[in-house]
Amino acid sequence: MDTVEILAPAGSFHSLKAAVNASCDAVYVGGAKFGARAYADNFTPETMKEAIDFVHLHGKKIYMTVNTLLKNSELEKELFEYIKSYYELGVDALIVQDLGVLHFLHANFPELPLHASTQMSITMGEGANVLKDMGVTRIVNARELTLPEIRDLRKSTELEIESFVHGALCYCYSGKCLLSSMIGGRSGNRGRCAQPCRMPYQLKIDGENRGTGYYLSPKDMETLEILPELIKAGINSFKIEGRMKSPEYTAAVTSVYRKYKDLYYELGDTGYEEYRRSHGEELKGDIRNLSDIYNRGGFSRGYYELQNGFSMLSTERPNHSGVLIGKVIKCTDSQMTIELAEDINAQDVLEVRKSQEALYEYTVKTGEKKGRKITANYKRGIKIRPGDMVYRTRNNALINTLKEEYLEKKNRIPVKGHFTAEPDKPLCLTLSCYDKQVSVYGDIPDRAENQPISEERLSKQLNRMGDSEVYFETLTIELKGELFIPAGKLNELRREGVQALTEAVTESYRRNGNNSDSGDKGNLEKRQYSFSGRNEQKELALSVLVQTTEQLEAVWDNKHVKEIILESDMVPLNKLNFYTEGISKRGKQAILALPHVLRRKSYEMYLQNKSILEDNTINGYLIRTLEEYELLNKNIRTSKRLIGDTYLYAMNRQGAEYLKELGMGEITAPFELNYQELKEISEIYQYITVYSRLPVMISAQCLYLTDSRRDKKPLTGRSEEACCLRDAKSACLFDRFQNAFPVMRHCRDCYNVIYNSKTFSLLSCAEDVKALNTAFIRLDFTGERAEETKRVLENYIDAYLYGRAVKETETDITRGHFKRGIE
């Protein structure tokens, strides 16, 4: 790519046109199914064709989201026909989360470019490169990467890099969140997130109440000030978040990022910096306009300059904050006087707040300049006081300007035209646009008896484009002789020419058997396959995951436990083999669980300690990311067991097929399938978790750091311990119903795990679980002490191995989705 791409969101046709009119380079849209914004005004099959043609006619690209997890029946029965029509219409790429979908699409549509969604949480080129053989041409990296990590990503992969530069941030690594799913059955992995992260929570550290706030609600990201650094880091596409936002939002953000991108490429590095210094107020004004359109408690630069921290969060307000425009300086019991710090416009919406709590909202009747004072009435009983701040939540003049400039005004396409008219020959109009040229012919013109038509009249008539998407950039006229040509004939010829040119441009993107450059793009037939992964083990085995040495010592002498999975950061790495040797001496298998997220620093740490990982007392690895697979496959000498964990999401047979091809001989069932859905494809799973405090969020943020209101910058050279909060041992979030969500920090790899408020238990479902015929049932322990660990383990041994009826003793129990499932 010659310059960085501006990629705009289009949650509706109005937003799509706004993006194109605001000079985006590409748009991303969702279809009627399988998109991560299920509640957007997504495109139907009919409007998608119109969208694809509209975008291509304007010389842009269009990417379609298929970025949710698919159940097996959806993949096998619906996906092929759903994608086939869009493939043939010429969609430029698909954005994909599900590894099974990726595997299926590459097999059935091998020439279709695929983009790995940010839902895959790719953190390194090593993980990205695993996907190259599956037709992936671009990765949308995890939003948590810092600028140094983006530079490293650029050096370690040849794939295109697409990075978010503006808009909302998830608190959690995308694709590693089950919070909405577990609370209300609305799965974020299925595009139906209810955004419980935008709700208030009470935070307790070591049992001490630290207050209530929106602790899981990040500010929106804005990166205009560091745009040159992002370009020089090697990003190919600047992605703007916002398919649920308004067309005006799309227009505002797209146009501003396009403006500064173009300035950078036009002026160069030095010239751009000089421009920024001399036009500081202009940049501030543009950022203020972006704030007026939408912001949450101001903006942050995301993770590009911070590892994590308090300044990235909007803890006092989770929705649009607007722009501070003044404060109350005087009030009675029903009238207030506001001193303005910014200009306001007629029909602006103002909100009076006390510490971000909304007290009163009203619409301004007339505009006024900053520095002036205005008065407004309000209802008696509202406790407005001098010093309360006033924010604008709707800038009416800005919205009207955006509508006029980008929504109502038609952005026409320049074409070159040549018209010829001469006696005894048909009229001819030749039009060219991009690399396409068409010629259309009309009637033979009559000779003029009185007033012959002039070149001026011909040009004027042909330029009457009406509602057409094109205009003449140049129009040359070759007129021979004195001719009479009716205006209607010229109009008809122009319409035919524009239609022919439009079809020539849009049809060039179609994929069918007639315009194939390599292979047959048409007459597609769904490729069949068979999965050969049935579990042949006859005896059910017990696998236990532990996170503390206390838990380990509580289980490793139990004769029924066949293997023990150790969290890799349970102890310092140089002490790990002491415990794996202890497991081995007891005749059990030792499995090492690699981190929920692997980034460069941890990757290099593992490489430097290869001998520990290669120790013969380790029998296998629990793999949670593609980066970990690549680490083991390329760098660690091993023929040991590779076990895919739940967050690799083998939701369907194709996903399992792909993991098997990579060499993962065993796969863990995901948490978001119910019993019937698991039973349909039970042959693909060797593990099912039957006990766990489910990890509902894996976050690069740190609630311990948030509590201390500090930030952590990348590559500071400080130790991990020095960056985290004092000697705190535990943190817990409480929702408005006083449900407790424990938080565990993993400082070595710098992430937090937030666990569900209820314990996931399938103790009462033993017969159903055994009917799935998995090789292992798995118990995951988190914060349990030794006695509780032993008690839970014995209960499951009784229920699953001896078939005894065991009564649940815990009060807050959930069976997750095992019975209820998800949409």
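Reader: Hi! How many cavities of 30 Å³ or more does the structure hold?
Author: Hi! The structure, which is a predicted model, holds 10 cavities of that size, 30 Å³ or more.

Reader: How much space lies in the largest cavity?
Author: About 180 Å³ of space lies in the largest cavity. Its lining is made up of 17 residues, and Gln119, Met120, Tyr647, Leu648 and Tyr649 are the ones nearest the centre.

Reader: And how does that lining split by class?
Author: The lining of the largest cavity has 8 nonpolar, 5 polar and 4 charged residues.

Reader: Okay, what about the second largest cavity: which residues lie nearest its centre?
Author: Those are His596, Arg624, Pro695, Arg778 and Asp780, out of 15 lining residues. The space in this second largest cavity is about 120 Å³, and its lining has 5 nonpolar, 5 polar and 5 charged residues.

Reader: Thanks! Switching to pockets, how much space lies in the second largest pocket?
Author: The second largest pocket holds about 850 Å³. It is lined by 44 residues, with Ala36, Arg37, Cys170, Cys193 and Gln195 closest to the centre.

Reader: Which helix gives the most to that lining?
Author: Helix H7, residues 179–184, gives the most to the lining of the second largest pocket, with 3 residues. By class, the lining of this pocket divides into 21 nonpolar, 14 polar and 9 charged residues.

Reader: Now the sheet of 10 strands: what's the strand order?
Author: The order is E31-E30-E29-E28-E27-E26-E39-E32-E38-E40, in an open sheet with mixed pairing. Strand E31 (666–667) and strand E40 (813–814) are the edge strands, each pairing on one side only.

Reader: In which sense do E26 and E27 pair, parallel or antiparallel?
Author: Strand E26 (residues 541–546) and strand E27 (residues 561–567) pair in the parallel sense, over 5 bridges. For Val544, the bridge partner in E27 is Ile564.

Reader: Which strands does helix H24 lie across?
Author: Helix H24 (residues 786–801) lies across E26, E27, E32, E38 and E39, and runs at about 130 degrees to E32. Helix H15 (residues 576–585) lies across E27 and E28, running at about 175 degrees to E27.

Reader: Last one, on H9 and H11: at what angle do their axes cross?
Author: The axes of helix H9 (residues 247–278) and helix H11 (residues 396–408) cross at roughly 80 degrees and come within 9 Å. Angles of 65 to 115 degrees count as roughly perpendicular, so H9 and H11 are roughly perpendicular to each other.

Reader: And which residues meet there?
Author: From H9, Pro247, Glu248, Ala251, Ala252 and Ser255 meet Ile399, Leu402, Lys403, Tyr406 and Leu407 of H11. That contact has 7 nonpolar, 1 polar and 2 charged residues.

Definitions and conventions. Residues numbered from 1 in each chain as written. Predicted model: local features only at pLDDT ≥ 70, side-chain atom pairs only at ≥ 80, totals over all residues. Heavy atoms only, no water. 1 Å grid on protein atoms, 1.4 Å probe; cavity = no way out; pocket = protein on both sides within 12 Å on 5 of 7 lines; lining within 4 Å. Points joined across faces, edges and corners; volume = space filled by probe spheres on them. Helix = DSSP H or I, 4+ residues; strand = E, 2+ residues; numbered from the N terminus. Nonpolar A, V, L, I, M, F, W, Y, C, P; charged D, E, K, R; others polar. Axes fitted to C-alpha atoms, helices over the stretch in contact; angles between N-to-C directions. Parallel < 35°, antiparallel > 145°, perpendicular 65-115°, else oblique. Contact = heavy atoms within 4.5 Å. Pairing = 2+ DSSP bridges.
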